[in-house]
Amino acid sequence: MRSTRWKAASRAAIALAGAGALAAGMALFVTAPASAGTTLGASAAEKGRYFGTAVAGFKLSDSAYTTILNREFNSVTAENEMKMNATEPQQNQFSYGAADQIVNHARSRGMSVRGHTLAWHSQQPGWMESMSGSALRQAMLNHVTQVATHFRGRVVAWDVVNEAFADGSSGGRRDSNLQRTGNDWIEAAFRAARAADPGAKLCYNDYNTDNWTHAKTQGVYNMVRDFKARGVPIDCVGFQSHFNNDSPYVSNYRTTLSSFAALGVDVQITELDIQGASANTYRSVVEDCLAVARCNGITVWGIRDSDSWRASQTPLLFNNNGSKKPAYDAVLAALNNGTTPTDPPTDPPTDPPTDPPTDPPTTPPPGRGGSTATVSTNQWPGGFVATVRVTAGPPALGCSPVSTPPPTGPSATKPWSHTLARTALPAT
Ligand code: XIL
């Protein structure tokens, strides 16, 4: 309990420091890393989750794109480069260059990788599209085995099978060449994936499975329940969550996530985009994920609106020039508020630090108005104290002092030699 509340304390203080808005010469006891609460990835990580994006390999040479990618996200999904047509363009000739580029970019920066996807009726190579029967079944299993083996140890979760259920009221499987090889093709794919990469989480991934009352949702649910009952190796369910006017977000989404989780699988939001990018809807999605312990993380399907496969719907968190949209602010705030208690801590830790400070002070860039802040930490088993020293610069243009204390709720504790006042910043 204490550590959670102390984390909350740190976030408030760091956020204020980041805004360059505290009185001069103050010091605070707070906890948590300096980057907490300032980017999607760091904020999600504080909640034990990841925040990812789909990445198109050819955009990695676009510095505006990679600047946002590297700053904000800590998980990556290849938008197209791991699909069957990309990785096995000719039968038994595998091509991993584009996918490896994305994987290397991500992993060298500490981002995890979701694999998407091993078996799908769509984006098959031409040679596979024209196959059927046992030859196709064997080719599919070989593909799963080869690709999962190639990326073994580098992909944390695979969408083993994508979009195998039908839309509409049937609740049954979608017709496809793979489905026509026999109803057991999905479990066969999962078994092959497990054998090839025992360390990866194996997910079933689909769209229009967000509404708990829909037949398709129930069809997938029944399959997962059956798989768990029979020991078919499945670890997670991916919800693409492409929300639009025809398939909107619904308030029973949280029920859907928690119901699947109750089957004993993780749930992940794998391809989130929302037509019009309503801040409220984005916020609701984040809150729903945070409310379900087994919701591991959220991936948005692209960075800027112009990167979206549905660009005209402007469904993402950054606009075409890379600026944060209101939906971004809503997502970040939801990640930061999350399950953090709103009551401030009442007592500082009583157990004395046993270790000398281990982290050197870090100096974030000056905030607006020229403020600077340094953070140093003193850690011991079970907790730590961070000291934040903020020196205010000249007031930012258009600012006026605010005499009220910082917002209520999570706040710094044990402040000394300062005044808890802040300076308002002009709206950006
Ligand atoms: C989309 C990509 O974003 C496009 O670039 C591509 O042309 C088609 O596929 N469901 C999925 C994703 O599982 O792989 C799809 O990605 C979007 C719908």
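How far apart do the axes of α10 and helix α11 come, and at roughly what angle do they cross?

What you see is a predicted model, so local features need pLDDT of at least 70 and side-chain atom pairs count only at pLDDT 80 or more, while totals for chains, interfaces and linings use all residues. Residues are numbered from 1 along each chain as its sequence is written, and side-chain values use heavy atoms, with hydrogens and water left out.

Okay, back to the helices. The axes of α10 and α11 (residues 279-291) come within 9 Å, crossing at roughly 30°. Axes here are lines fitted to C-alpha atoms, for helices over the stretch in contact, with angles from 0 to 180 degrees between N-to-C directions. Helices (H or I, at least four residues) and strands (E, at least two) are DSSP runs, numbered from the N terminus. So α10 and α11 are roughly parallel to each other; the cut-offs are under 35 degrees for roughly parallel, over 145 for roughly antiparallel, 65 to 115 for roughly perpendicular, and oblique for the rest. Their crossing is right-handed, meaning the near helix is turned clockwise from the far one by less than a right angle, with anticlockwise being left-handed.

Step back along the chain. α9 packs on α10 (residues 253-261) at about 15°, axes 10 Å apart. That makes α9 roughly parallel to α10. Then α8 (residues 185-196) meets α9 (residues 215-230) at about 55°, with 12 Å between the axes, so α8 and α9 are oblique to each other.

Now the ligand. Which residues are closest to it? There are 13 residues around it, and the closest are E79, K83, H116, E271 and W301; a residue counts as near if one of its heavy atoms lies within 4 Å. By type, that shell has three nonpolar, six polar and four charged residues. For the sorting, Ala, Val, Leu, Ile, Met, Phe, Trp, Tyr, Cys and Pro are nonpolar, Asp, Glu, Lys and Arg are charged, and the others, Gly among them, are polar.

The protein covers 78% of the 420 Å² of accessible area the ligand has on its own, using Shrake-Rupley with a 1.4 Å probe.

The H116 to T117 peptide bond is cis, omega near 0°, and T117 is in strand β4 (residues 112-120). E163 isn't a glycine, yet has a positive phi of about 55°; E163 lies in the loop between β5 (157-162) and α8.
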